[in-house]
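Visitor: Hi, can you walk me through this one? I'm new to reading structures.
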Amino acid sequence: MKKKKLYVVLSCLSLFASDVFAQNYPYEGTNKMNTWSVTGYGGITRFFGDLNQYDFKRGERDDITGVWGLSLNKQITPVFGAQITVLNGSLTGSRRNYTSLVPGETIPTSRDLYFKSPSFVQASLDGTMNLNRLLFGFNKLRRWKFDAHAGFGFIYFHTDVFDMNTTQLLVSSNTEGSSTTAGRWERNGTIYTREWVVPLGLAIHYELTRRLDLGFDFVINHVNTEKLDLTASDLTRHATSSGIFGFVKGESKLDKWGYGAIALTYKLGRNAVMSKNGVYDISKGRYHLRWADPRALIPPPYNPTMEDADSIAKANMPPPVDPRLYTDSDSDGVADLFDKEPNTPAGSVVSGGGVAIDLDKYIRDAIRNNLPKDECEALFSNVEFDTDKAIIREASQTVLAQVVELLNMRPNCRIVLVGHADARAGYGYNMSLSRRRVEAAKRYLIRAGLADPSRILVEHYGEYRPLAPNTTAEGLQANRRVEIKIEPMNTLRSTYPAGYRQN
């Protein structure tokens, strides 16, 4: 019947655990959490075995014994964790009228005995389960933590048994038959006997600060031996050491020892913070997985209401278009928004800024200069660029240096730089890219020592005037260019051919 109840309890815990695992989020990434801690223990021990008059009451020669220790803890999920625990302590126990009957004898012997284990060492690897989070979730008892833990380890102990009335030492585990492992008694140069042990316990913790937790730990350690007190039921005769070192199985149960200890935990990790009433703010630091709910660190998705959407649209609405962009009061071909002289006479020749030009004077000056036609005739290769780049290649730097040398020798010539792009992006982006390319070429000419930079004219057309089809790699490369045209200073504007246009 007891086994059936145990199976039911384990099944229920498994269902709870699977539900918690299914809802867990990873603990790395943007919302990292601290998972390591160190705990110090200090408390009182109690022995349970043959030389023990009472379970929870001190016997006549029972001293108050204690234990201290450290554990390194790793929180794997909000519910499950692991820890390595190392303990050092002492044990004692006493019993009056201990009766033994060794096989082959007919008369039992009775003695008053007590034992001491002055300094044992125990190390174990334990798994922990946070019952509070498993059963009640994260919204109840937020600053309390109830851990059930169990593990496996080894205990190294040394025991002396004395006569209670004379304090005479009757038998000691430090003999020529000292134990090294269960089942064999062989001297190996140490006073300690080794046995494996299974600790089972319950710990209660309270979160004091962002770094410290205070709690209590109650543990029963099941040792795989009857010889922790060097007594095996009624088969042991201490005066002759019989019934001990032969591993004769008595009727008593295996020995146990327990302790109750105060536990102080220091939480490791960077930028440690703790929640306030279940409210988390990941901008302040890292929360510890011992206490925090990883799901609470993930901000809920923002779903704007209609009012929010309307206010966002109004805030991002572009300003109204200036109506002067669509009007030309003096009909000179320049919109009033850009026209520097909005009242030029009808039929006037104007510049791009709407300023009237004295064409007769311009022609007279050109005739007076009487430049040779071939002075400004020169042919240079195009400056080509990498995809989505506006950086002058090393090969093109040589071409631009030759341009600077020519223009410095011929002050009556100017240069027109015309930028282009291939057709693999949007129209607006390509227009901007071609402008960056032609500006890069202009900056290079100036830095290379071109006298009078005002002789540089720049034009950019994006993808609108391709040199080759945009269907091959060669065609795309040919279209990523800045063209160089040298012309006389008296030319009204650059004569740029239409080039290849893809239908």
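Predicted model: local features only at pLDDT ≥ 70, side-chain atom pairs only at ≥ 80, totals over all residues.

Visitor: OK. Which strands each supply at least two residues of the lining of the largest pocket?
Guide: They are β1 (36–48), β11 (212–223) and β12 (256–267). The largest share, 5 residues, comes from β1.

Visitor: What's the volume of the largest pocket?
Guide: About 330 Å³. It is lined by 19 residues, and those closest to its centre are Ile44, Thr45, Arg46, Phe56 and Gly258.

Visitor: How does the lining divide into nonpolar, polar and charged?
Guide: Into 9 nonpolar, 5 polar and 5 charged residues.

Visitor: New topic. How many salt bridges does the structure hold?
Guide: It holds 13. One of them joins Glu207 and Lys267, with the closest N and O atoms 3.3 Å apart. Glu207 is in strand β10 (residues 193–207) and Lys267 in strand β12, 60 residues apart.

Visitor: Is Glu207 buried or exposed?
Guide: Buried, because its relative accessibility is 5% and the cut-off is under 20%. Lys267 is also buried, at 1%.

Visitor: Which residue forms a salt bridge with Asp213?
Guide: Arg290 does, with the closest N and O atoms 3.2 Å apart. Arg290 lies in the loop between β12 and α3 (306–315), while Asp213 is in strand β11. Asp213 is buried, with a relative accessible area of 0%.

Visitor: Which residues do shared partners join into one network?
Guide: Glu207, Asp213, Lys267 and Arg290.

Notes
Residues numbered from 1 in each chain as written. Heavy atoms only, no water. 1 Å grid on protein atoms, 1.4 Å probe; cavity = no way out; pocket = protein on both sides within 12 Å on 5 of 7 lines; lining within 4 Å. Points joined across faces, edges and corners; volume = space filled by probe spheres on them. Helix = DSSP H or I, 4+ residues; strand = E, 2+ residues; numbered from the N terminus. Nonpolar A, V, L, I, M, F, W, Y, C, P; charged D, E, K, R; others polar. Salt bridge = Lys/Arg side-chain N within 4 Å of Asp/Glu carboxyl O. Buried < 20%, exposed > 50% of the residue type's maximum accessible area, 1.4 Å probe, protein only.
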